[in-house]
Amino acid sequence: QVQLVESGGGSVQAGGSLLLSCAASGYTFSYTFSWYSMGWFRQAPGKEREGIAGIDTDGTTTYADSVKGRFTISRDNGKRMLYLQMNSLKPEDTATYYCASISRIWARVGPNIREADFAYWGQGTQVTVSS
């Protein structure tokens, strides 16, 4: 069973930075992680969960307009890790952040980073940005 565990959340002032990490385990073989595209989602209180960043198996990245130019998604297949570097944080970035693994091998995230395309989810890590 695939397990995803996020870390790195916390409280920061507007304009600050945070690095979120996601440790993946439970794939059939250690290299299988590299076969799956990955994504970061977030959910603010009272709002639906939204996809904000995705990275395909070949390293192609996709971002929501709300974070483009400020956030960077990356992966280390050897360590089975997913990262989200968040810079120039704004109060509206306050949310619970989730990492997720796409459902199908070799499938691409796509421009809309759809929640329905992802099968495995972490428990989330809270990010709070104060003004």
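**Exercises on a predicted model**

The side chains of Arg-108 and Asp-56 are joined by a polar contact of 2.7 Å. The model is predicted, so to speak of local features pLDDT of at least 70 is needed, side-chain atom pairs count only at pLDDT 80 or more, and totals for chains, interfaces and linings use all residues. Residues are numbered from 1 along each chain as its sequence is written, and side-chain values use heavy atoms, with hydrogens and water left out.

**Exercise 1.** Describe the place and the contacts of Arg-108.

Step 1. Arg-108 is in the loop between β9 (95-102) and β10 (118-121). Strands are DSSP runs of E with at least two residues, numbered from the N terminus.

Step 2. Its relative accessibility is 49%, so Arg-108 counts as partly exposed. The cut-offs are under 20% relative accessible area for buried, over 50% for exposed, and partly exposed in between (1.4 Å probe, protein chains only).

Step 3. Contact means heavy atoms within 4.5 Å. Apart from neighbours within four places in sequence, Arg-108 is in contact with Ser-37, Asp-56, Asp-58, Thr-60 and Ile-102.

Step 4. Besides the pair with Asp-56, the Arg-108 side chain makes a polar contact of 2.7 Å with the side chain of Asp-58. A polar contact is a pair of N or O atoms within 3.5 Å; within protein, one must be able to donate a hydrogen and the other to accept it, and residues adjacent in sequence count only if both atoms are side-chain atoms.

**Exercise 2.** Compare Ser-88 and Ile-113: is each buried or partly exposed?

Step 1. Ser-88 lies in the loop between β8 (81-86) and β9, and Ile-113 in the loop between β9 and β10.

Step 2. Neither is a glycine, yet phi is positive: about 50 degrees for Ser-88 and near 45 degrees for Ile-113.

Step 3. Ser-88 is partly exposed because its relative accessibility is 41%. Ile-113 is buried because its relative accessible area is 3%.

**Exercise 3.** Find the strands that pair with β3 (18-25) in the antiparallel sense.

Step 1. Two strands pair if DSSP finds at least two bridges between them.

Step 2. β1 (residues 3-7) pairs with β3 in the antiparallel sense over 5 bridges. Within this pairing, Ser-7 stands opposite Ser-21.

Step 3. β8 also pairs with β3 in the antiparallel sense, over 6 bridges. Here Leu-18 has Met-86 as its bridge partner.

Methods:
Helices (H or I, at least four residues) and strands (E, at least two) are DSSP runs, numbered from the N terminus.
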